[in-house]
Every structure is written in structure tokens, then in C-alpha cells.
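Hello,

Here is the structure I promised to pass on to you. Please open it alongside this note, and then read on for what turned up.

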Amino acid sequence: MEIGPLIAYIVRRLLGAIPLLLLISLISYGLMGLAPGGPTAILSQQARSLTPAARHAYEVALGLDQPWYVQYFYWLKEVVLHGNLGNSFVDQRPVVARIAEKLPITVELLTLALVLTLIVAIPIGIRAAVKRDSWFDNISTALALIGYGVPIFWLGILLIDLFAMHLRLLPASGINSVGREHDPLDLLRHLILPAATLAIVSIAGWLRYQRASMIDVLGEPYVQTARAKGLPERVVLYRHALRNALLPMITLLGLQLPGLVGGAYFIEYIFSIPGMGYLGINAIFQRDYPTVMGITMLSALMVILGNLLADVLYGAVDPRIRYD
Amino acid sequence: MRFLRRYLRRPASLVGVGIVLAIVLIAILGPLLVPYSPIAISHALLGSPQPPSLAHPLGTDILGRDELSRAMVGARISLTVGFAAMVVAIVVGTLYGAIAGAAGGVVDGTMMRVVDALLSFPTFFLVIAVEALTNKFALGIIILVIGLLSWMGVARLVRAEVLSLRERDFVAAAQALGAAPPRVLLRHLIPNALAPVIVAASFAVGDNILTEAGLSFLGLGVQVPTPSWGNMLQDALLPAVRSAWWLVATPGLLIILTLFGFTLIGDGLSYALGSSSARR
């Protein structure tokens, strides 16, 4: 593959993402600006002694007395000129730093969940396609569909009850046991339940997509050719058909990413995992606008970059795709 | 009729219709038949949930309310949210996508960038944010918020259909006969673009029920004492009552069953309409 056109393509896509991110930031800021109450409403609930004058001074200090589009303009200026997402209303620390320390754990959770999903969904999807309309196909598809409809928090709490409370096999929440803060194995033990929860509800999508894709490929003329020339079925399936049936799965990554990220945030909240979702959902409840904006923008960026990665990967494995 | 025969040929599609019909019947008739008030608190049973018995086939909850009555009334609330938010999303998405596709050019480009932007959000995070920030939990508001944040996929589908339809002869014929653009859009383009929308609508009802449940779990959905499957689960998952398995099982299984039904219907429609074999 030529590297020049690829780089040009990536640069073009990244430039195209800029108006998209601007639009996203405008929509989010507008939504927050239209919300009644505002951060100081929470503050005056917590501290009854807050006088109207003190509340006003606080609002002026944070720029909250300005209309939302003026605030947005200042926010955008800081982001563009200094890469500064502002300071949290809650602990006054820079939002960039708050997010940076939470990002790795979210990425780890997402990765583990995706790996679990794929190692279940791909082989079962392939086998269901090969044994189309068999009992294996029907049962696996039905189970996947049932998994799709499970409320994620319900499943999470049931798994916590079963594996953490009754069987005492795995930890119920958090990411570290006391005294084992830097032990990767301990981290993995803490992430298994949340990642499995996320995987169970995601498997349906991947399994069905893999099955459909394999069925499509098995109908291709070149598969018939391979069979006609007398190759063993195993070779036909796993050497000829499988590779092409795996290709469309890369596209699905891009489509599934927003849902997966949203699911991971919810899971973090349920399992008290100190990642971006835990930070974000708590920031929403505390009306910590700068943090909410930061998380929203980073989530959107993750989705956009994930889509770009999917497209680049697709080109890397499929020589028919060209970037010019 | 060929469509109906194709649909009915698959047993799974029939199962889907059966499940959804049963749930819809419960939602419509249930509240008329309920043996107890779904919101009346029983002081005798307060604080000690009763397991299923003859008097209370699905037991009682922490406030001594009859779980069966709550589940039946909750079906009405959850299905209402699911269907109504679907209608909002379908109407907005269809009009938006059809206008973008019919307009073409810069208008289309700009309109679809907005769709791209909204699709880059994790939608659920956005729904939580809007609900938490506005602090408004009337049924109508929840329906609007869920519907207005989930129409983007429909817009994409309809736009793609309209793009291919507008080059067809019958559209040129309508234009030649002097039909104004809105008429072409509403009478000729949109009706012919609806096949994939019907499939999407079926999946959307289930997705909306899940979204409402998630919102309710965070305390941002339908508010107590009105029961929805979502806030019944929230109640049941409080550490104090979690050992009452019947309270955890009932709403959870109802949600799973309903979602299963709508997905089977969506699959069956998709098969009968001859569109792609897998949406998700």
C-alpha cells in the first residue's frame, strides 16, 4: 500500500472533523445554556447560608452572568488558543488533568469488553452461518437477541450479586484492592465483571453481523469455484470464505462505537470504576459544566477517531480500497 | 398481500407478534383489571416485601404495593414511552432526511453534517445530561427528549432512499404535471421511502424502553409513585430490598421479553421487505 495517499487521506479526514467538533461543542454548550438553574442553584441548595449577593459574585467570577453564547465564545477561545478546557467547578482543577487521569481506565475497559465480545461473537457467528437454520444457529441467535434486550444496569447488578456477593470470586466494584494499586492482574480481576456485562449486551450486534456477512460470502461465485475444484470444505470455509467475511466487521466497529462508549460510561457508574463515565455522570449531577463539556468533546473525538481508524484498517486489509 | 405472506412464513416473526400483542394487551387491559391500586401503600406490609403468594401473585414491594398491579400499569407507561418516542423520532427523522435528500447540494451537505455531529455523541450520555440539567420528568418531556435524540439514524435511511427515488421517472412525471416541491416530497418521495423506516421503527420502540429504564435507574426517568418498569427496577435494586428476587426479576424479565418481541418483529419485517439481513 502506498503510504503517501494514506497520509493525505488521514489529514483530509482530520480536517473534516474540525467543523464537526465545532458543531458538537456548540450543540452541547447550547443545551447546557438552556438548562434552568445552573451550577449555583445546586450550590445554594447545599449551602443555605449562601446569600444572593455571594451567589451573584460567584456567578460573575465564573462568567455565568453572561449569556450562554458569550460564555461559549470564551470557552472556545481558551480551547483553541491554549488547549485549555477550563477548571472544574467542583474542585477547581483543570478539566484536562481531571480527564487525563481517568481516560486510561475507560480505554482499558472498552478494549477488554470489545475483546470479550469478539472472541464470542465471531466464532459463533461463523458457525451459525455455516450451519444455517440448524438448531445451533437458532439457539445462538435467540440467545444473542435476549442478551441485546437486557438492561445493562440490571445485568451488572445481578452479576455483582452472583460473582461478588454469593460466590466471592470477583471484586464488586472499584479497580484496585487495598495495597495492590499498581498490580495489573488485580486491575484485570476488577475489570472482568464490568467488561463481561458490556460484552453480553454487545454480542448480539456483532454475532448477527458476522453471521450475515459469512452467509453473503458463502453465496459468492469464488466459494463455489473453490468447492467445484474439490477443496475440502474446511479449507473452503476457513481459507477462502472467512477472510472476506471478517472484513465488514471493521465497519461495524465504527457504527457500534458511540453505543459502546455510552454503555461503558453507564457501567463505570454502576461498578464505581473511576473512569470518564463515572466522572462525567457525576459532573452532570453536580452541574460541573466545564467537566461535562470536556467529557462530551473527548467522547465525540473518540468516536470520530474510531471511525477513522476503522476506515484506515479497512483499506489496509482490503486492497480494493483506494484513498485518492 | 405478498408482503404479509412473506412475513407470516417465518415462525420467529409470529412469535414476535405474539409477544408484543400480549404485552400490548396487558398494557391496555391490565390497568382496568388490576386487583390493587398500583400506588396505594400498605402500612401492614411496609418495609417487608412479601414473596409471591395467592393474594399477591408477584409479591409486594418495599412499600407493600402489589407487584402485579404495578407491573401491569408499568407496562402501559413503558410502552407509551417506547411508542411515542419512536413516533417523534420517525416523524422528525423522516422529514429531515427527506428534505436533505430532496434538496441536495450544500443544504444536504450541511444538514447531514449536523446528523454526523449528533451521531458522534454517546446518545445515552446526552439523554442523561439533558434530563439531569433540565430537571423535568413529566412523561411528555421524557418522550420528547428520547425521541429528539434518536432520529438521526432514520434521517440517514430516508435520505439514502430519497436520493435514489428522486431520479426515478414517476418523480419526474409528478414534477412535469406541475406538482409543487412539498407535494412531491410528501406524496411521492416519502411514501416510497418508508420501507426501511418501518423496520427501524420496530427496533426503536425496544431501544426507547431500554433508554427509559436506564434513565429511571439514575432517577432521571418516570418519577415515583407512577410505576414504569425502569423505576420499579430502580426500587428493587436498592441494597435494602435486593434480596427480594421477585422484585428484581419481574420488571427485568418483562423488559427482556418485550425487547425480544420487537426485535423479532423488526427482523421479520426486514426479511419480508427484502432489505439487508442484519441491521445490528
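Let me begin with the core. The largest nonpolar core holds 158 residues, and the ones that touch the most other members are A:Ile203, A:Ala264, B:Ala98, B:Val127, B:Ile128 and B:Ala129. Helix α3(B) contributes the most to this core, giving 18 residues. Please keep in mind that all of this comes from a predicted model.

Leaving aside residues up to four places away in sequence, A:Ile203 touches A:Thr117, A:Val120, A:Ala121, A:Ala144 and A:Gly147.

Next, the place where the two chains meet. On the chain A side 42 residues are in contact with 35 residues of chain B. Several helices of chain A each supply at least two residues of the side that touches chain B: α1 (3-34), α6 (135-148), α7 (152-166), α8 (184-218), α10 (233-270), α11 (276-286) and α12 (289-317). The largest share of that side, seven residues, comes from α1(A). Sorted by class, the side of chain A that touches chain B has 32 nonpolar, seven polar and three charged residues.

Now to chain B as a whole. Chain B has twelve helices and zero strands, and its C-alpha atoms fill a box of roughly 75 × 45 × 30 Å along the principal axes. Of the 280 residues in chain B, 51% are buried. Among the contacts in chain B with a separation of 6 or more, 72% are between residues 24 or more positions apart.

Helix α9 of chain B covers residues 181-192; at 1.5 Å a residue its twelve residues should span 16 Å, and the end C-alpha atoms are 16 Å apart, so the two values agree. Within α9(B), the residues B:Leu185, B:His188, B:Leu189 and B:Ile190 are buried.

Finally, a look back at chain A. Is A:Pro52 buried or exposed? A:Pro52 counts as exposed, because it has 8 C-beta neighbours inside 10 Å and the cut-off for exposed is 12 or fewer. This proline lies in helix α3 of chain A, residues 52-62. From A:Pro52 to A:Val312 there are 260 residues in sequence and 55 Å in space, C-alpha to C-alpha.

Enjoy exploring, and do write back with any questions.

Best wishes

Key:
Residues numbered from 1 in each chain as written. Chains lettered and ligands numbered in written order. Predicted model: local features only at pLDDT ≥ 70, side-chain atom pairs only at ≥ 80, totals over all residues. Helix = DSSP H or I, 4+ residues; strand = E, 2+ residues; numbered from the N terminus. Buried ≥ 20, exposed ≤ 12 C-beta atoms within 10 Å, placed from the backbone. Contact = placed C-beta atoms within 7 Å. Nonpolar A, V, L, I, M, F, W, Y, C, P; charged D, E, K, R; others polar. Expected span 1.5 Å × (residues − 1). Core = buried A, V, L, I, M, F, W, Y, C linked by C-beta atoms within 7 Å.
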